[in-house]
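Biologist: I am new to this structure and would like to learn how to read some of its features. Could you take me through them one at a time?

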Amino acid sequence: MQGYVLNVTKVRDEDLIVTILSENFTHTAYRFYGARHSNINVGYKIDFELEINIKSTIPRLKDVIQLNFPWLLDAKKLYLWQIYIKLFYHHLKDTEELDEFYIQLLDDLVIKMTKQNPKRAILESYVKLCEYEGRLHDDFTCLLCDLPIDNNISLVRGFLATHSSCSYSKNFELNKITEFFNEKTLIAFNEEEVDYLWDVMLQGL
């Protein structure tokens, strides 16, 4: 089976507790230390097997093979990717059974990041996630005052819309946010705006 490593926690010696997102599940497994074992890190895609032991509450992770990305040695892309995966982990950590959408979203993002700016690709991926989960509010009613937003729009955690005057945060043109939400593209945004949206996403998925 294949999946993405969402989290790695060291336990005694060099053993690990590993959380993996597969096609329909998140798995928590125990990885015993071994000199010839493949490296496991957050964000890696791996091929693996799970061994069930009646004496243990979690399965043993075995036969791990790392599946490389074209940009895996690009330090900047890997760093930003791992930030997103850690947010993914906190978003999904209490969920065991999932739709295929989640692993497909990451598979698609890996491809997009091969040629696209990583922050832009990740933010566009995040909007798709919000839409799939029914959290992308494109009616543009202010979260704080509950009045319609006609122009000066700002986004806060979860990309919820507010009047910039209500949240005292960065102002965006409404048509640009509309295009972002509808078309899942940041082509109209400059780098400063992308950095701001990135910081908003970092507050939590």
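Predicted model: local features only at pLDDT ≥ 70, side-chain atom pairs only at ≥ 80, totals over all residues.

Biologist: What describes two packed helices?

Modeller: The angle between their axes and the distance between the axes. Axes are lines fitted to C-alpha atoms, for helices over the stretch in contact, and angles run from 0 to 180 degrees between N-to-C directions. Helices (H or I, at least four residues) and strands (E, at least two) are DSSP runs, numbered from the N terminus. Here, helix α1 (residues 75-92) packs on helix α2 (residues 101-115) at an angle of about 165°, and their axes are 12 Å apart.

Biologist: Is α1 roughly parallel or roughly antiparallel to α2?

Modeller: Angles under 35 degrees count as roughly parallel, over 145 as roughly antiparallel, 65 to 115 as roughly perpendicular and the rest as oblique. The angle therefore makes α1 roughly antiparallel to α2. A crossing is left-handed if the near helix is turned anticlockwise from the far one by less than a right angle, and right-handed if clockwise. For α1 and α2 the crossing is right-handed.

Biologist: Which residues of α1 and α2 meet?

Modeller: Contact means heavy atoms within 4.5 Å. From α1, the residues are K77, W81, Y84, I85, F88 and L92; from α2, they are Y102, L105, L106, L109, V110, M113, T114 and K115. By class, this contact has 11 nonpolar, one polar and two charged residues. Ala, Val, Leu, Ile, Met, Phe, Trp, Tyr, Cys and Pro count as nonpolar, Asp, Glu, Lys and Arg as charged, and the others, Gly among them, as polar.

Biologist: How do α1 and α3 pack?

Modeller: Helix α3 (residues 118-132) and α1 pack at an angle of about 20°, with axes 10 Å apart. The two are therefore roughly parallel to each other, and their crossing is right-handed. In α1, K77, L80, W81, Y84, F88 and H91 meet P118, K119, I122, S125, Y126 and L129 in α3. That contact divides into eight nonpolar, two polar and two charged residues.

Biologist: Now single residues. Is P59 buried or exposed?

Modeller: Buried means under 20% relative accessible area, exposed over 50%, partly exposed in between (1.4 Å probe, protein chains only). P59 has a relative accessible area of 14%, so P59 is buried. P59 sits in the loop between β4 (45-51) and β5 (60-67). Not counting residues up to four places away in sequence, P59 touches T28, A29, Y30, L50, E51 and I52.

Biologist: What joins the side chains of H27 and S22?

Modeller: A polar contact is a pair of N or O atoms within 3.5 Å; within protein, one must be able to donate a hydrogen and the other to accept it, and residues adjacent in sequence count only if both atoms are side-chain atoms. The side chains of H27 and S22 are joined by a polar contact of 2.8 Å. H27 is in strand β3 (residues 26-31) and is buried, at 15% relative accessible area.

Biologist: Where is D63 placed?

Modeller: D63 is in strand β5. Its phi is near 50°, a positive value in a residue other than glycine. With 51% relative accessibility, D63 counts as exposed.

Key:
Residues numbered from 1 in each chain as written. Heavy atoms only, no water.
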